[in-house]
Amino acid sequence: MKKYFLSLAVAAAIISCDIDKKGQIELPEVDIDIDAEEGNLPSFDVDWADVNVGTRTKTIEVPKVVIVMEEEEVEVPYIDVDMPEDYEDSEKMERTLRIEAEFNDNEHDLEIQEVRAMNRKLYVIASLNKMENSLDGKTMRVEDQVEINAPNLDVEYIIVGEKPNRIFNNQYSYFNSMDDLNDDLKNAQVIYKR
């Protein structure tokens with residue numbers, strides 16, 4: 001026990017002061033004989049909460065999006081583009097130019113108004129108009145499309161109208177009106193007009 005206290009005293013002294021050692025240190029030898037009887041620690045019986053884990057049936061509101069796809073025959077605009085003979089990579093292919101918008105406040109109407117072309121790029125310009133019918137918190141997506149037969153060209157999709165507050169709509173450029181389009185778009189050749 002004395003060794004223990006001596007060790008603590010030495011440790012405290014070393015920690016609390018700056019020591020420069022000069023010469024050798026030798027601790028005295030101590031011989032200790034200790035007799036002790038076994039102790040008796042108290043035991044504790046602790047009662048805590050009884051926990052049961054399970055399930056039960058409860059009615060809650062769960063958001064659901066229901067999409068119903070039906071096949072219908074409709075007239076879809078078709079654009080056939082012939083590039084000049086000296087145009088590189090003039091091999092044509094058919095594809096769909098589709099633009100969509102998603103919203104959850106009121107119904108909207110989305111229509112492609114024009115397709116413009118400049119250099120190796122197509123600009124698909126659609127109008128988005130908010131209607132009066134409320135969706136009562138449901139999410140709805142509308143789309144419009146045109147078919148095109150042309151060489152592989154880059155496509156940029158533009159929506160004229162108020163941008164709905166949904167992450168899905170971040171993939172398109174939005175303008176308040178056709179007058180707000182930049183000069184490059186205004187000067188591009190109109191190849192389709194509704």
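Reader: What is the strand order of the open sheet of five strands?
Author: This is a predicted model, in which local features need pLDDT of at least 70, side-chain atom pairs count only at pLDDT 80 or more, and totals for chains, interfaces and linings use all residues. Residues are numbered from 1 along each chain as its sequence is written, and side-chain values use heavy atoms, with hydrogens and water left out. Strands are DSSP runs of E, at least two residues, numbered from the N terminus, and two strands pair if DSSP finds at least two bridges between them. Pairing in this sheet is mixed, and the order is β7-β6-β4-β3-β8.

Reader: Which strands stand at the edges?
Author: An edge strand here has a single partner strand, so one side of it is left without a neighbour in the sheet. The twist averages 30° from one strand to the next, taken between N-to-C directions; axes are lines fitted to C-alpha atoms, and angles run from 0 to 180 degrees. The edge strands are β7 (173-175) and β8 (189-193).

Reader: How many bridges join β3 to β4?
Author: Strands of a sheet pair through backbone hydrogen bonds, either parallel or antiparallel. Strand β4 covers residues 121-134 and runs antiparallel to β3. E114 stands opposite I125 in β4. The number of bridges joining β3 to β4 is 11.

Reader: Is N106 buried or exposed?
Author: N106 is found in strand β3 (residues 106-118). Its side chain reaches the backbone oxygen of M131 at 3.0 Å. Buried means under 20% relative accessible area, exposed over 50%, partly exposed in between (1.4 Å probe, protein chains only). At 17%, N106 is buried.

Reader: Which residues does V115 contact?
Author: Contact means heavy atoms within 4.5 Å. Neighbours within four places in sequence are left aside. The partners are I79, L122, Y123, V124, V146, Q189, V190, I191 and Y192.

Notes. Helix = DSSP H or I, 4+ residues; strand = E, 2+ residues; numbered from the N terminus. Polar contact = N/O pair within 3.5 Å; in protein donor to acceptor, adjacent residues only side chain to side chain.
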